[in-house]
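Thanks for coming, everyone. Please have a look at the structure on the screen, and then I'll walk you through one part of it.

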Amino acid sequence: MLAELVGLGCVGLGPFALGCTPHANTPDCPPGDAAAIDRPDAENLAAPADAIVPRDLEKIFGTPSLAAEMMGSPFVYFRKVNTETVPLTCAAFEDALRWFPPFDLHGDAHLEQFAVSSEHHGLSDYDDVATGPGVVDLVRFGASVYIAGRMRGWSDDVPALLDEFIDRYLDSLAAEDRDGGSPEGPAEGPAAGSAEGSADGRPSASSPPSIVPRLRRDIPPDRASWLRWVDSVTTPVESEVAAEMAPGAEAYRAMMLRRHADLGPKFFDIKRVGHLDLGVGSRLHPKFLLRMEGPTPAPNDDVVVEFKSVTRSTHLGCVSYGGATAIVRTMRLFANEPVRFIAQVPYVPGTPLDQMPYWAREWLESYAELRVADLDDVAALREVVHDVATELGSVHPRLHGDDTQARREQMALCATLRDRIKATIVDIGDRTWRGWEAFAKEAKRRGLSPKKPAPQR
C-alpha cells in the first residue's frame, strides 16, 4: 500500500536528498534547528539544554498536588507539556508545512485521552482542539505511546507500534477517500477496517479494544454513586467567585432553556457550583462543575455541567486555536459520546472583555478514562493504538467535506515523511523524559513526594 501512496504525487518534495546531515531537511530528518526551545523558567530547573520544561514551572510548584503527580509519572509530566511540544513538531516539519492540508485536530491526542462511556469509546477532552497539519496529532499520540512503552518496559515493541499506528492512519484516510468522497460514491457495506462502523459513519476498529469492557467495570454502578463521586472532586466556590460567574451561568441557563424547551422550565436551575481540581494540562486554569435540577427535584437525577475556561484563542507554531466556538464545533466531530448541553458560555454585555471565555458541556454518568497502568501488556496497548489511528484518519479531513485531495495529499506526505514522523516522536519522547527526570529531582529537593493521580471516572 505504501508504494501506492507514495505514487500519489507528493509535489514539491522531490528536492529532498536522502541521508541525515545537519540542516539537510530530508524526509527522514527533522530540520537542523528543531532543538530550539523556549524555556523561560529553565533557570529554576537543572535540566539538559534540550529537555522539554513547562513554561509555567513555578505555578506548577505552587500547586503541590499537581507537582507531586508530575513527579511521580513521566506520563503525567508529558501531559502537562503539550504547549511546549507543539512548536517542536511544527519546527520538525517546517519545510513541508506548505504542503500539509489544514485539518481539524484533537490538539492533545494521547493515550490517557482514550475514554469509554456505556456505549461509546475513543478520544475525549477537547480543550486544545485546533486547526493545523495532521502530523501534530500523530506526533503527540505517538510520543505518548513511546513514553508509555518506556514506562512499562515495552520499548522494544514501540518501533513496530509506531509503524502500525501510521499504517492504520493511512488505511483510515484511504477508507474515507473511497467511501465518503470519491466520485464513484460510497462503497457497499461498512467502511474499510470496520466490522460495524459507528452511528455517524466513522470507520472503527473491527471490534472495540479489550480494555473497553474493563474500563466500563470501573464506572459507578448507579447515578447516586456517581453524583457522590462528583461531589468528592469539587470544593465550594467563594462568594466573590460565585458572583463573577453568575451572569454567564444565567446566560447559559437561558440559552439551554431556549434550545431544550421540552425539558421543562426548571431543568437547568443551578443548585450548586463547585471548583473542579481534576485534570493535568488544565489544572492551573479555572474549571467549575454546576449541579442542575434535571428532570425532577429529586437529588439523584441532577445534571452536572462543566464550565471550563478557554486558555487560548491564538496561534502556536503551525497550529491555530479558535477559542470556545472552535471547541464546540470540533467536539461535535470528535465526540464519541452523545453531545448534550454543549455551548460557548454567552458573553454578557457590560462584563469585562479581558475575562477568559468559558465553554460548557454535560458530564456523562458512565465515563472512564484510560490510564497507562490499566494496560496489562503490549497487545492491549496495540489495540488502543489501532483504534485511535482509525479515529484520527476519519476525523482529520472532515474540514474538507467530500473534497478528496486533502486526504490524498495527507497520505502522500505521511508516506514520504514516515521516517521523520517516527524520528520526531522519539526525539520529543526522549526530551520529555529528560525534562521529567530533572523535574522529579527538583521536586524532591523541594520536599515533595510522588503521588498517583486521581482517576477520572
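Phe288 stands opposite Phe307 in E8. That contact point belongs to a pairing of E7 with E8, which run antiparallel and are joined by six bridges. Two strands count as paired if DSSP finds at least two bridges between them. Helices (H or I, at least four residues) and strands (E, at least two) are DSSP runs, numbered from the N terminus.

A quick word on the source. This is a predicted model: local features need pLDDT of at least 70, side-chain atom pairs count only at pLDDT 80 or more, and totals for chains, interfaces and linings use all residues. Residues are numbered from 1 along each chain as its sequence is written, and side-chain values use heavy atoms, with hydrogens and water left out.

Now the other partner of this story, E12. Five bridges join E8, residues 303–309, to E12, residues 358–362, and these strands run antiparallel. Val305 stands opposite Glu362 in E12. Ser309 has Tyr358 as its bridge partner there.

Step back to the whole sheet. It is open, has six strands, and its order is E5-E6-E7-E8-E12-E11, with antiparallel pairing. E5 (234–236) and E11 (343–344) stand at the edges with a single partner strand each, so one side of each has no neighbour in the sheet.

How many residues of E8 are buried? Seven of the seven are, so E8 is largely enclosed by the rest of the structure. Buried means under 20% relative accessible area, exposed over 50%, and partly exposed in between, with a 1.4 Å probe and protein chains only. Both faces are covered. Val303, Val305, Phe307 and Ser309 are buried on one side, and Val304, Glu306 and Lys308 on the other.

Next, the helices. H9, residues 223–232, lies across E5, E6 (270–276), E7 (287–292) and E8, and runs at about 30° to E8. Axes here are lines fitted to C-alpha atoms, for helices over the stretch in contact, and angles run from 0 to 180 degrees between N-to-C directions.

Then H10, residues 239–259. Its 21 residues, at 1.5 Å a residue, should span 30 Å, and its end C-alpha atoms are 29 Å apart, which agrees. The expected span is 1.5 Å times one less than the number of residues. H10 has a kink of about 40° at Ala246, shortly before the proline Pro247. That bend is the angle between axes fitted to the seven residues ending there and the seven starting there. Among the buried residues of H10 are Val241, Met245, Tyr252 and Arg253. Their cover includes E6, E7, E8, E11 and E12, where contact means heavy atoms within 4.5 Å.

Last stop, the disulfide. The structure holds one, counted as a pair of cysteine sulfur atoms within 2.5 Å. It joins Cys90 to Cys318, S to S 2.1 Å. Cys90 lies in H5 (residues 82–92) and Cys318 in the loop between E9 (315–316) and E10 (319–320), so the pair ties together parts that are 228 residues apart in sequence. The link is left-handed, with -80° about the S-S bond. Cys90 is buried, at 6% relative accessible area.

To finish, the overall tally. The chain has 14 helices and 13 strands. Of its 457 residues, 55% count as buried.
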